[in-house]
Amino acid sequence: HLPIFSDPSHGTGLGDKVTPMARPSVAAGAYGIIVEVHPNPDRALSDGSQSLFPEQFAQLMEALRLIAGAIDRNLANSPAHVELHVG
């Protein structure tokens, strides 16, 4: 009865593993994902190694929209966060 979130950024600790872990999370029904994003991960004060560049995040969101649609779900955007919603 509680929504499940996936945290592929902290779960893997590696930026290049975030997308491959986020996609199956959505396919498995996760309500949302937590992803670190930074314009210059090498200069981030923390979590730089697990951060996506903004362009990579945009590509991830495109992929997640397709996956969500395939399982009759959709993504809802807001300025603070992005959530998956059923229906």
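Is Phe5 buried, partly exposed or exposed? Select Phe5: the residue is partly exposed, at a relative accessible area of 41%. Buried means under 20% relative accessible area, exposed over 50%, and partly exposed in between (1.4 Å probe, protein chains only).

This is a predicted model, in which local features need pLDDT of at least 70 and side-chain atom pairs count only at pLDDT 80 or more, while totals for chains, interfaces and linings use all residues. Residues are numbered from 1 along each chain as its sequence is written, and side-chain values use heavy atoms, with hydrogens and water left out.

**Whole chain**

Show the cartoon. The protein has three helices and four strands, in the order β-α-α-β-α-β-β from the N terminus. Helices (H or I, at least four residues) and strands (E, at least two) are DSSP runs, numbered from the N terminus. Of the 87 residues, 31% count as buried. Among contacts (heavy atoms within 4.5 Å) between residues at least 6 apart in sequence, 51% join residues at least 24 apart.

Now colour by pLDDT, the predictor's confidence in each residue, from 0 to 100. The average is 86, and 87% of the residues score at least 70. Among the elements, helix 2 has the highest mean pLDDT (95) and strand 4 (residues 82-86) the lowest (46). Over residues 83-87 pLDDT stays under 50; the model has 20 contacts beyond four places in sequence for them. Where pLDDT is low, the predicted coordinates should not be read in detail.

**Aromatic pair**

The structure holds one aromatic pair. The ring centres of Phe5 and Tyr31 are 5.5 Å apart and the planes stand at 65°, so the pair is edge-to-face. Phe5 belongs to strand 1 (residues 5-6) and Tyr31 to the loop between helix 2 and strand 2 (32-33), so the pair links distant parts of the chain, 26 residues apart. Rings of Phe, Tyr and Trp (its six-membered ring) pair if their centres lie within 6.5 Å; planes under 30 degrees apart count as stacked, over 60 as edge-to-face and the rest as tilted. Tyr31, like Phe5, is partly exposed; the relative accessible area of Tyr31 is 25%.

**Core and helix 2**

Select Val18, Ala22, Val26, Ile33, Val35, Leu52, Leu60, Met61, Leu64, Ala68 and Leu75, the 11 residues of the largest nonpolar core. Such a core is a set of buried Ala, Val, Leu, Ile, Met, Phe, Trp, Tyr and Cys residues joined through side-chain atoms within 4.5 Å. Helix 2 (15-27) and helix 3 (54-70) are the elements that give two or more residues to this core. Helix 3 gives the most, with four residues.

In helix 2, the buried residues are Gly15, Val18, Ala22, Ser25 and Val26. Just after helix 2, Gly29 has a positive phi of about 105°.

**Loops**

Next, select Ser51, in the loop between strand 2 and helix 3. Ser51 is buried, with a relative accessible area of 8%. Leaving aside neighbours within four places in sequence, Ser51 contacts Gly15, Glu36, Val37, His38 and Pro41. A polar atom of the Ser51 side chain lies 2.8 Å from the backbone oxygen of Asp47.

Asp47 is in the loop between strand 2 and helix 3 and is partly exposed at 29%. Its phi is near 65°, a positive value in a residue other than glycine. Most residues other than glycine have a negative phi.

Finish at Asp72, in the loop between helix 3 and strand 3 (73-77). Phi of Asp72 is near 60°, a positive value, and the residue is exposed at 63% relative accessibility.

Methods
A polar contact is a pair of N or O atoms within 3.5 Å; within protein, one must be able to donate a hydrogen and the other to accept it, and residues adjacent in sequence count only if both atoms are side-chain atoms.
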